[in-house]
Each structure stands twice: as structure tokens, then as C-alpha cells.
Amino acid sequence: MSMASVDLFEKMGFRRGEGIEERWFTKLSTLFESKSWDTLLRGARYIKGELSGVASDALLKTSFMGLDLLLSIKPPTVDLFYIDRLEKPRHYAQYLWIVVNCFERGCLANSDPPPPSTELISIARFGGADTMRGYDRVFASQLLGVIPNATPEEMEKVAELVGGRVVEHLDALWAYEIEPLASVRVRFAYWPSDGELPPYASVLYGAETLLTGIPLEDLKALTFLIISRLGAAYHKIKSRS
């Protein structure tokens, strides 16, 4: 990669990604060597990214909750640059493999991402229901741990900081929804303690998420990453007030 472009990315505030497993770069590089530009553009739509250049010298850009990833792709070489406004070490590396897998799914799909569904489903629908049922509770306790007692106003500020939006959900005090990848939609809802019952949270997915073919492992990792970034954003706005 030319020094000029490295300098330019660094001037824009990007850092070079370190310690990434080579296989993720190889997977990307192989797609760029073997697929048509139209196919690569569809891959970019699946990650809600922007693709520019040509297959032999391309830039792929995508964003996730205050994290910008920039991939410079000159097969067989791939360089990763990132900016993380929440300054969470290694989140860029954890998000990268989710993105690369999704980009590949987009390249191999025979259509664009599915339209939104009115139905919301639990993670149990994505895999063996018995093994997955416990994850609802794991996600909920993690969410309650990083955002204790958040108000709807605070969640609005969180959404301003990292994207996503506050939505209505049944009689929840607040619900927050985000679609980090095309048609992969996650909704968190929160009910405070009413004196008798402890606080409660639920994590649901737009039914269209199932149609994108996202593997369970990727969806679990993505959900944990969203919760972690929500927590970081919440602490950031708490420290300002």
C-alpha cells in the first residue's frame, strides 16, 4: 500500500488495525479476486458499507456505533484502519470478522437484503432452541449490568452518540433498536423494578434477520458487542452530566 494513502488515513485520525488473524484478510482478498464488481457492491450493501475504486485497488468503508472501519484492498494485500470514538480496545477486531462474514454472505446471496418484517423473534429461533434459551437471560443480565436504571432521555442521548433509535415497545420504559448490518435488526427493551419484581430486559430480533442467513455465532457476538458499546456510550453521557 502506498505511503501516501497511509499518511492520508492517519491524518484523518485512522489508526492501523493490529493483530488481526490473516484468514479474514484472505477471505476478503479472495472475494475481490474472484467476484464481479456488481457482486462486490452487493456485499457492501449487506454490511451497509461504501465501496469505491476497482477490484484490484478498492476501499471498503463501514461504520458501527461510533466505530469506523476502512479496508484498503489490493489483492492479495488487505490493510485495516479504524477510528473508535468510544475508544474500546479491540472492538474493531471483534467487529471485523462479523463484517467479513456478512460481506461474503452478501456476495454469495442471489438477492439484496430482505425488507423489514413486522414480527420480532427471540434468539432461540436461530439455533437449537434448548441451547439458545439461556442466551436471552445472559444478554438481559449483561444489558442490565452495563446500563443500570437508564432513563428514556438518557437512551435518546445514547442513540445520538452511537446511532440506532429509541422506539415504543409494549409497556417498556424504553426500547432501543439498531440495524448495524442490512436487515440484521436488534431491539432491547427495559422494564424498571416495580418494588416487587426486579428490573427486566428483553432482546429481540426483526424476523427479517433470520432471512439474511446470519450464523448464530455471529449474531451472539454482534449482540454482545452492541451491549458493550451501549454501556460505553451510557457511561460517556453519564460522565458529561
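**Reading helix packing**

Mentor: Helices H4 and H8 are oblique to each other. Keep in mind that this is a predicted model.

Trainee: How is a helix pair described, and at what angle do the axes of H4 and H8 cross?

Mentor: Two packed helices are described by the angle between their axes and the distance between the axes. Here the axes of H4 and H8 (residues 216–240) cross at roughly 140° and come within 10 Å. Angles over 145 degrees would count as roughly antiparallel. The crossing is left-handed. On the H4 side, the contact is made by His91, Gln94, Tyr95, Trp97, Ile98, Asn101 and Arg105. H8 contributes residues including Glu217, Ala221, Leu225 and Arg229.

Trainee: Where do the axes of H3 and H4 stand, and which hand is the crossing of H3 and H4, left or right?

Mentor: The axes of H3 and H4 come within 7 Å and cross at roughly 135°. That makes H3 oblique to H4. H3 passes H4 in a right-handed crossing. Among the residues that meet are Leu40 and Tyr46 in H3, and Cys102 and Phe103 in H4.

Trainee: Now H2. Which residues of H2 are buried?

Mentor: An α-helix has 3.6 residues a turn, so residues three or four places apart point the same way. In H2, the buried residues are Trp24, Phe25, Leu28, Ser29, Leu31 and Phe32. Seen down the axis of H2, they fall within an arc of 155°, so they line one face. Exposed Glu22, Glu33 and Ser34 sit on the face turned away from that side.

Trainee: What covers the buried residues of H2?

Mentor: The cover includes helices H3 and H4, plus strands E2, E3, E4 and E5.

Notes. Residues are numbered from 1 along each chain as its sequence is written. This is a predicted model: local features need pLDDT of at least 70, side-chain atom pairs count only at pLDDT 80 or more; totals for chains, interfaces and linings use all residues. Side-chain values use heavy atoms; hydrogens and water are left out. Buried means under 20% relative accessible area, exposed over 50%, partly exposed in between (1.4 Å probe, protein chains only). Helices (H or I, at least four residues) and strands (E, at least two) are DSSP runs, numbered from the N terminus. The arc is that of the directions from the helix axis to the C-beta atoms. Contact means heavy atoms within 4.5 Å. Axes are lines fitted to C-alpha atoms, for helices over the stretch in contact, and angles run from 0 to 180 degrees between N-to-C directions. Angles under 35 degrees count as roughly parallel, over 145 as roughly antiparallel, 65 to 115 as roughly perpendicular and the rest as oblique. A crossing is left-handed if the near helix is turned anticlockwise from the far one by less than a right angle, and right-handed if clockwise.
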